[in-house]
Amino acid sequence: MNKGSMTPAGVYINPGWKEYLSENRLWQGIPGIERTKNGRSFACWYSGGKTEEPGNVIILEKSDDGLNFTDGWVVVKHDDPEVRCFDQCVWIDPEGKLRLFWTQSHMYYDGRDGVWMAVCDDPDGDEPTFSDPRRIANGLMLNKPTVTKNGEWLMPCALWSTEFAKASEEPPELSYEMLANVYVSTDKGETFSWRGGVDMPERGFDEHMVVELDDGRLWMLTRTKYGIGQAFSSDGGKTWENAGNSGHTGPNSRFYVRRLKSGRILMVNHVNPTYLTDPKGWNTRNNLMAMLSEDDGKTWVGGLMLDTRNDVSYPDGTEDEDGRITIVYDFDRMGAREILTACFTEEDILEGTLVSEGSYLKRVINRAEGKKE
């Protein structure tokens, strides 16, 4: 086994590497976003090379107004060119610390991968710094953790069940973990352990999220070939039942779901995506819409269309102290190469249009402009 994916990448602050600045990047996408209580925003995505391949790096930028971001603030890069850093996530934990997670793999997918974490204790500081990275789980974790009412942190990690996984040398000792998993921390991020997982029918890249329902059950939503699958757990994620179709369609792509401060559940997903015939079940990624549920996901109300264009994808979000929601997503990773945000309120979603002061759609916060051969 190549050891590169088991050794940490470096978290470099202001490294000055020109090849990773916006003006030179050849592609980019798969973004994440977070915001502190004091209003500083952090946005991340990955890039490096010509596509999703060995040598990929994580880009992390910050902004004090949510609109104008740095360029080249943090780069996460491994010193082994055959290791890629990808599927990153930013999260403000309950104590206000900024946690940057990412995945490392030898080549495209090595069957084990690994979720790594570096922590910034003072994200609102003049010169934020990060702890040394440490490996906390097998697999990948693209989406934010969920904190339950009893204080547990649920980490949505996965080992793929895709053509890439089948082509790799899956470690036999990890066969029980080739699922959409839940890792758990019961000590505020000091330690993490595997608790259980779901082999969702027709799952692919998983990219799952977990919501705690009002009755105490956990609701897992998972990316599938037909849209979004679901499963439920009544024992904190150890065992799961009723795995199957959630009723939400989709183009075999990432979605976003989160409990809001109001108690409603927010979902951002591709609604009625244009169908293209493809044996792998890929549909065109368009019609990215935000909607709300007031009954724990049984029914959905409102519908704010964020972007109808083809090749808009991979939403992530955060909610500020006033209940204003910011969603980040990418557009045309190889062409326009844009990272965009939309900012809105629950009222906007319910009305189906922007009615709140300060709300906006389709705001570009970064564009890669490297010249391709």
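## A first look around the structure

The side chain of N138 makes a polar contact with the side chain of R135, at 3.0 Å. A polar contact here is a pair of N or O atoms within 3.5 Å; within protein, one must be able to donate a hydrogen and the other to accept it, and residues adjacent in sequence count only if both atoms are side-chain atoms.

Before going on, a word on what you're looking at. This is a predicted model, where local features need pLDDT of at least 70 and side-chain atom pairs count only at pLDDT 80 or more, while totals for chains, interfaces and linings use all residues. Residues are numbered from 1 along each chain as its sequence is written, and side-chain values use heavy atoms, with hydrogens and water left out.

Back to N138. You'll find N138 in the loop between strand 9 (134-137) and strand 10 (146-147). Strands (E, at least two residues) and helices (H or I, at least four) are DSSP runs, numbered from the N terminus. With a relative accessible area of 12%, N138 is buried; that word means under 20%, with exposed meaning over 50% and partly exposed in between (1.4 Å probe, protein chains only). Leaving aside residues up to four places away in sequence, N138 touches R112, G114, V115, C157, L174, E177 and Y183, where a contact means heavy atoms within 4.5 Å.

Now zoom out. The protein has 2 helices and 25 strands. Its radius of gyration is 19 Å, close to the 21 Å that the globule rule gives for 373 residues, so the protein is as compact as a globular protein of that length. That radius is taken over C-alpha atoms, and the rule is 2.2 Å times the number of residues to the power 0.38. The C-alpha trace spans about 50 × 50 × 45 Å along its principal axes, and 60% of the 373 residues are buried.

What about the inside? The largest nonpolar core has 31 residues, and L266, V268, L306, I327, F344 and I349 have the most contacts inside it. Strand 20 (residues 288-293) gives the most to this core, with 5 residues. A second, separate core of 30 residues includes F86, V90, W116 and L174. A nonpolar core is a set of buried Ala, Val, Leu, Ile, Met, Phe, Trp, Tyr and Cys residues joined through side-chain atoms within 4.5 Å. In soluble globular proteins, nonpolar side chains tend to be buried together.

Strand 19 (residues 265-270) is worth a stop: 6 of its 6 residues are buried. One side carries I265, M267 and N269, and the other L266, V268 and H270. Among the residues that V268 touches are F255, L288, L306 and I327.

Strand 19 has neighbours too. It pairs with strand 18 in the antiparallel sense over 4 bridges, and L266 is the bridge partner of R258. Another 6 bridges join strand 19 to strand 20, again antiparallel, with M267 partnered by M291. Pairing needs at least two DSSP bridges between the strands. In the hairpin of strand 18 and strand 19, G263 takes a positive phi near 100 degrees.
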